[in-house]
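This report describes a single protein for a reader who has its sequence and structure at hand. Please consult both while reading.

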Amino acid sequence: MNLGTLIVGPREHVVAVAELDDTAAAELGPLLRDTARVVETLCRPEQTYVCMWSHGRDARKHLHIAVQPVTTEVRARYGGLRSEQLQARMLADGDEPDVTDVEQFCERARELFRGITDSSLKARR
């Protein structure tokens, strides 16, 4: 996937949203929102995809939710494709972002997540 894509997944082995316990389900919405905010802040995409995958080779494997920034540049690089067609082409092409760019993105994302966590803790007090 392109630079800026983050994957959200449950700590416990779960293969479907329907299998989430009440605690995990209650945490999922705010976590997805915060993840999308981090992606949008750092990447400034025209759109952010949030989609679930759990496919293994022959059966469900583990729940993964991709939070992916999609910019005009990304769409142009893949012939204007959108949605699942864009994602399928990206995965089939096997293009990977530069490791240094990924490391820099991750450090910036960690800082934003820390800020979100700190703000949430202060608000609870």
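Which residues gather in a patch of negative charge on the surface?

## The negative patch

The patch of negative charge on the surface is formed by E12, D21, D22 and E27. A patch is made of residues with over 30% relative accessible area and no salt bridge, like charges being joined within 9 Å and nonpolar side chains (Val, Leu, Ile, Met, Phe, Trp, Tyr) within 5 Å. The place of each charge is taken as NZ of Lys, CZ of Arg, CG of Asp or CD of Glu.

E27 counts as partly exposed because its relative accessibility is 45%; the class lies between buried (under 20% relative accessible area) and exposed (over 50%), with a 1.4 Å probe and protein chains only. Between E27 and V70 there are 43 residues in sequence and 25 Å in space, C-alpha to C-alpha.

## Basis of the model

The model is predicted: local features need pLDDT of at least 70, and side-chain atom pairs count only at pLDDT 80 or more, whereas totals for chains, interfaces and linings use all residues. Residues are numbered from 1 along each chain as its sequence is written, and side-chain values use heavy atoms, with hydrogens and water left out.

## Overall architecture

The protein has four helices and three strands. Both kinds of element are DSSP runs numbered from the N terminus, helices being H or I with at least four residues and strands being E with at least two. Read from the N terminus, the order of the elements is β-α-β-β-α-α-α.

The C-alpha trace spans about 50 × 35 × 25 Å along its principal axes. Of the 125 residues in the protein, 31% are buried. Accessible areas come from the Shrake-Rupley method with a 1.4 Å probe, and for residues only the protein chains shown count as cover.

Helix 3 comprises residues 83–93, and L86, Q87 and M90 are buried in it. Seen down the helix axis, these buried residues fall within an arc of 95°, so they line one face of helix 3. The arc is that of the directions from the helix axis to the C-beta atoms. On the face turned away from the buried side, helix 3 carries the exposed residues E84 and A92.

## Salt bridges

How many salt bridges does a search of the whole structure find? The search finds three, where a salt bridge is a side-chain nitrogen of Lys or Arg within 4 Å of a carboxyl oxygen of Asp or Glu. In one of them, the side chains of R33 and D34 meet at 3.1 Å, N to O. D34 counts as buried because its relative accessibility is 13%, whereas R33, at 40%, counts as partly exposed.

Another salt bridge joins R77 to E73 at 3.8 Å, N to O. Both residues belong to helix 2 (residues 72–77) and lie four residues apart, about one turn of the helix. R77 is partly exposed at 47% relative accessibility, while E73 is exposed at 56%. In helix 4 (residues 99–124), E107 and R110 are three residues apart, again about one turn of the helix. Their salt bridge has its closest N and O atoms 3.2 Å apart. E107 counts as partly exposed at 34% relative accessibility, and R110 is partly exposed with a relative accessible area of 42%.

Key:
Lys, Arg positive; Asp, Glu negative; His and termini not counted.
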